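Trainee: I am new to this structure and would like to go through it with you. May I ask questions as we go?
Mentor: Please do.
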Amino acid sequence: MRSVLTILICFSVSTAFYAQTQTRIFSIQPEPGDLFTHAGSNYLFKLFFQPLGWYYGHVQYHGIVGINARYPRSGNGSVYFETPTGLGKSDIEYRHDIVGSPPYWGRLGDLEWLSYEYYRDAQSTAPSHLHVPIRIYVGNWVNGRIVDPGYLIYEHSVNFGVVPIPTDMWIQEEVVASNRRVWQNPINQGNFFDAQPFSVWKSPEGYQPREGSRIGVHWNADSVVYGISLGAGTGWSGRFVGAIDNVVIRFRNGVEYHFNFEARLAGDVNADGAVDDADLLEILLRFGSSCAGCAWDINGDRAIDDGDLLIVLMNFGRGL
Ligand SMILES: [Ca+2]
Ligand SMILES: [Ca+2]
Ligand SMILES: [Ca+2]
């Protein structure tokens with residue numbers, strides 16, 4: 001009886017957490033945080049070990065992305081983006097199909113809110129109407145798997161014309177409740193710039209874009225949303241510098257997230273925003289073992305030992 005009660009309490013607590021509390025997504029590296037980049041023409045990805053499902057992706061031609069402290073928002077950090085030339089690209093993404101069961105958040109028809117904040121630094125030389133767009137991963141759920149995958153993409157200029165984005169300030173935009181127009185990028189099938197309001201994509205009839213002889217994929221209310229993506233480039237001539245934070249997504253089925261991106265405190269091994277005995281325990285449980293690029297090897301020498309323990313102890317109590 002007691003164990004049943006404990007389970008019930010745990011369940012109600014975790015439900016309340018998802019419904020009401022923001023989820024902080026911490027940088028992989030401790031403060032000042034991450035600057036993930038890649039010089040090559042191929043896409044480079046870097047997976048987060050916590051929380052699972054997040055990654056830096058599609059980074060090429062010296063594009064930079066990283067949760068860090070350059071533009072603090074709602075705490076000590078945000079997600080920084082930089083593309084030095086029109087070739088550069090960098091994204092941060094979350095894919096629920098990698099980690100979730102079911103592998104999607106909810107039906108497209110049940111999506112009722114999607115908002116985020118973006119920041120364009122005045123030092124950017126890319127065309128003045130550009131900002132970091134927000135994209136959702138959409139697909140069709142057929143025989144227990146996701147098919148016809150792709151993005152719906154929001155850009156301010158598609159809705160309001162080619163007007164300058166205010167610089168050096170945070171701007172919040174909501175795109176679903178306010179029925180903004182979004183365009184489709186089916187994975188590996190090119191772009192379809194025939195943007196439609198969310199109400200069209202979400203309707204029972206849905207929409208299937210066409211461009212000349214090319215045909216996009218058909219999505220409607222029964223399509224599923226299984227991830228999110230924010231990124232800079234490509235084809236943005238000049239340099240872009242900016243950031244995003246506070247991504248909020250909500251479905252009628254009760255699934256709701258508020259992602260606040262923050263720079264990890266040194267010693268916060270389990271990424272809960274505080275340095276305490278839980279972090280000490282994480283180190284002690286693995287003391288004497290080795291790893292590459294894991295959370296427990298704080299000082300990056302591949303050994304989990306007293307050097308890492310010392311970092312936890314020196315920062316003990318921060319964030320509490
Ligand atoms: Ca933040
Ligand atoms: Ca911690
Ligand atoms: Ca170490």
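Mentor: Let us begin with a term: two strands pair if DSSP finds at least two bridges between them. Please also keep in mind that this is a predicted model.
Trainee: Then in which sense do strand 5 and strand 6 pair, and over how many bridges?
Mentor: Strand 5 (residues 63-68) and strand 6 pair in the antiparallel sense, over five bridges. Within that pairing, V65 has F81 of strand 6 as its bridge partner, and N68 has S78.
Trainee: Which strand joins strand 5 through three bridges?
Mentor: That is strand 2 (residues 36-38), which runs antiparallel to strand 5. There, F36 stands opposite V65.
Trainee: And what about strand 6 and strand 18; in which sense do they pair?
Mentor: Strand 6 and strand 18 (residues 240-251) are also paired in the antiparallel sense, over five bridges. In this pairing, E82 stands opposite V241 of strand 18.
Trainee: Why is strand 6 described as largely enclosed?
Mentor: Strand 6 (residues 78-83) has six of its six residues buried, so it is largely enclosed by the rest of the structure. Strand 5 is mostly covered, with six of its six residues buried.
Trainee: Which residues of strand 5 point which way?
Mentor: G63, V65 and I67 point one way, whereas I64, G66 and N68 point the other way, and all are buried. In a regular strand the side chains alternate between the two faces of the sheet.
Trainee: V65 keeps coming up. What is V65 in contact with, leaving aside its neighbours within four places in sequence?
Mentor: V65 is in contact with F36, Y56, V59, V79, Y80, F81, S90, D91 and I92.
Trainee: How many residues are in the largest nonpolar core, and which have the most contacts inside it?
Mentor: The largest nonpolar core has 62 residues, and those with the most contacts inside it are V65, V79, F81, I136, V182 and V225. Strand 18 gives the largest share of this core, seven residues. Apart from it lies another core of nine residues, among them L265, I283, W296 and V312.
Trainee: A change of topic: how is the protein chain divided into domains?
Mentor: The chain is divided into domain 1 (21-264) and domain 2 (277-314). The centres of domain 1 and domain 2, taken over C-alpha atoms, are separated by 33 Å.
Trainee: Now the backbone. Which residues does a cis peptide bond join, with omega about 5 degrees?
Mentor: That bond joins E31 and P32. P32 is found in the loop between strand 1 (23-30) and strand 2. A cis peptide bond also joins G233 and T234, with omega about -10 degrees. T234 has its place in the loop between strand 17 (224-232) and strand 18.
Trainee: What is the phi of H58, and where is H58 found?
Mentor: H58 has a positive phi of about 55 degrees although it is not a glycine, and H58 is found in strand 4 (residues 54-60).
Trainee: Is H58 buried or exposed?
Mentor: H58 counts as buried because it has 21 C-beta neighbours inside 10 Å, and the cut-off for buried is 20 or more.
Trainee: And D168, buried or exposed?
Mentor: D168 is exposed, with 11 other C-beta atoms within 10 Å. D168 has a positive phi of about 55 degrees although it is not a glycine, and its place is in the loop between helix 3 (156-160) and strand 12 (170-174).

Methods
Residues numbered from 1 in each chain as written. Chains lettered and ligands numbered in written order. Predicted model: local features only at pLDDT ≥ 70, side-chain atom pairs only at ≥ 80, totals over all residues. Buried ≥ 20, exposed ≤ 12 C-beta atoms within 10 Å, placed from the backbone. Helix = DSSP H or I, 4+ residues; strand = E, 2+ residues; numbered from the N terminus. Domains from an automatic or database assignment. Core = buried A, V, L, I, M, F, W, Y, C linked by C-beta atoms within 7 Å. Contact = placed C-beta atoms within 7 Å.
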